[in-house]
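Please keep the sequence and the structure at hand while reading.

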Amino acid sequence: MQAITVRDRDAGVAGMSLTDMPHPHAAENDVIVRVHAAGFTLGELDWPATWTDRAGRDRTPSVPGHELSGVVAELGYGTTGLSVGQRVFGLADWTRNGTLAEYAAVEARNLAPLPADIDHTVAAALPISGLTAWQGLFDHGRLTTGQTVLIHGAAGGVGSIAVQLAREAGARVIGTGRASDRDRALVLGVDTFIDLQAEQLEHAGEVDVVFDVIGGDILDRSAALVRAGGTLVSIVMPPKVQPKDGRAVFFVVEPDRARLAELATRLRDGRLQPLVGAVRPLAEAPTAFAPGTRTPGKTIIRITQD
């Protein structure tokens with residue numbers, strides 16, 4: 001099969017290449033998915049798990065990408081809940097070969113059924129952004145109806161999903177970003193938008209939850225905005241500054257089949273829409289990883305046509 005692989009950590013994007021790889025093996029409770037579309041995160045080449053397995057051993061050449069949508073091609077021993085030929089989408093393990101390949105081995109529990117009327121390119125944009133937004137807002141932030149949430153990067157991949165989920169939950173949403181993001185964020189449902197390049201973050205006032213995807217100084221300054229009993233949540237780094245009378249949480253997204261299924265239902269009903277940007281073929285995946293690239297929506301790699 002063909003896959004995008006990386007071999008040299010120091011080479012960065014220049015070390016990515018389209019390679020012939022052995023067909024993946026289905027371990028116990030795995031499925032082999034014929035990948036139709038895949039998503040990735042720009043920072044993956046800096047993650048230790050891209051280069052080593054759970055025991056810290058070198059696993060190169062490795063395949064990046066951790067989001068996928070496709071069709072089950074093979075079941076591993078003991079696998080239940082899915083069947084060959086079934087459409088699925090989900091999140092691949094961080095320390096195994098990923099999804100920028102024609103086939104990927106994935107634990108069955110990390111995948112959810114995909115309705116026939118959802119396009120693979122749209123589904124591939126949802127696992128990381130959707131699960132991160134849900135877990136950040138509700139599992140860690142404990143956001144409830146009537147509260148106010150400040151979402152940084154409101155027009156980005158994760159932030160845009162968080163805005164839509166928060167609005168559906170009945171929260172008041174304040175979004176931040178650049179001036180060019182304002183119109184998109186307002187369409188998504190933010191009540192107030194703050195241009196971080198021209199306006200003061202402190203104008204947001206007190207909020208119940210801050211959901212941070214930026215880190216650094218913005219994360220530090222956000223702690224003062226959390227009202228008593230509230231929560232500062234970051235997916236970038238552990239907060240160095242704690243809210244005076246609240247909690248601070250850093251987390252890494254976890255697979256969740258049941259939640260993926262709920263997200264798919266919202267997508268199918270038109271209550272949720274991932275921001276899909278460019279759709280590129282597998283051979284162009286290295287170009288899409290180029291540092292400094294900022295395009296509207298999430299870039300998706302189309303691997304197999306329906």
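How many aromatic pairs does the structure hold?

## Aromatic pairs

The model shown here is a predicted one, and the structure holds three aromatic pairs. One of them joins Phe40 and Phe289, whose rings are stacked, with 4.4 Å from centre to centre and 20 degrees between the planes. This pair links distant parts of the chain, since Phe40 belongs to the loop between strand S3 (30-39) and strand S4 (67-75), while Phe289 belongs to the loop between helix H7 (285-288) and strand S15 (298-302), 249 residues apart. Phe40 is buried, with a relative accessible area of 6%, and Phe289 is also buried, with a value of 3%.

Another pair, formed by Trp47 and Trp94, is edge-to-face, with 5.6 Å between the centres and 85 degrees between the planes. Trp47 lies in the loop between S3 and S4 and Trp94 in the loop between S5 and strand S6 (103-107), so this pair ties together parts that are 47 residues apart in sequence. Trp47 is partly exposed, with a relative accessible area of 27%, and Trp94 is likewise partly exposed, at 23%.

## A glycine in the S3-S4 loop

Gly65 is found in the loop between S3 and S4, and it is buried, with a relative accessible area of 0%. Leaving aside neighbours within four places in sequence, Gly65 is in contact with Gly39, Phe40, Glu44, Gly98, Thr99 and Leu100. By contrast, Arg182 lies 29 Å from Gly65, C-alpha to C-alpha, and the two are 117 residues apart in sequence.

## The nonpolar cores

The largest nonpolar core has 40 residues, and those with the most contacts inside it are Leu137, Val149 and Leu165. The elements that give two or more residues to this core are S5, H1, H2, strand S8 (148-151), H3, helix H4 (182-188), strand S11 (207-212) and H6. Apart from it lies another core, of 30 residues, which includes Val31, Phe40, Leu282 and Phe289.

What does Val149 touch, not counting residues up to four places away in sequence? Val149 touches Leu137, Leu143, Ala166, Ala171, Arg172, Val173, Ile174 and Val209.

## Helix H3

H3 is mostly covered, with nine of its 12 residues buried; these are Val158, Gly159, Ser160, Ile161, Ala162, Val163, Gln164, Leu165 and Ala166. Among the elements that cover the buried residues of H3 are H2, S8, strand S9 (172-177), H4, S11 and H6.

At 1.5 Å a residue, the 12 residues of H3 should span 16 Å, and the 17 Å between its end C-alpha atoms agrees with this. H3 is followed by Gly170, which has a positive phi, near 90 degrees.

## Helix H6

Helix H6 (residues 257-269) has 13 residues and reaches 19 Å from its first C-alpha to its last, close to the 18 Å expected at 1.5 Å a residue. Its buried residues are Leu260, Leu263, Ala264, Arg266 and Leu267. Why do they lie on the same side of H6? They cover an arc of only 160 degrees around the axis, which puts them on the same side of the helix.

The buried residues of H6 pack against strand S5 (87-91), strand S7 (111-113), helix H1 (120-123), helix H2 (127-140) and helix H3 (157-168). At the start of H6, a side-chain oxygen of Asp256 comes to within 3.2 Å of the backbone nitrogen of Ala258, and after H6 comes Gly270, whose phi is positive, near 80 degrees.

Notes:
Residues numbered from 1 in each chain as written. Predicted model: local features only at pLDDT ≥ 70, side-chain atom pairs only at ≥ 80, totals over all residues. Heavy atoms only, no water. Helix = DSSP H or I, 4+ residues; strand = E, 2+ residues; numbered from the N terminus. Expected span 1.5 Å × (residues − 1). Buried < 20%, exposed > 50% of the residue type's maximum accessible area, 1.4 Å probe, protein only. Arc of directions from axis to C-beta. Contact = heavy atoms within 4.5 Å. Polar contact = N/O pair within 3.5 Å; in protein donor to acceptor, adjacent residues only side chain to side chain. Core = buried A, V, L, I, M, F, W, Y, C linked by side-chain atoms within 4.5 Å. Phe/Tyr/Trp six-rings, centres within 6.5 Å; stacked < 30°, edge-to-face > 60°.
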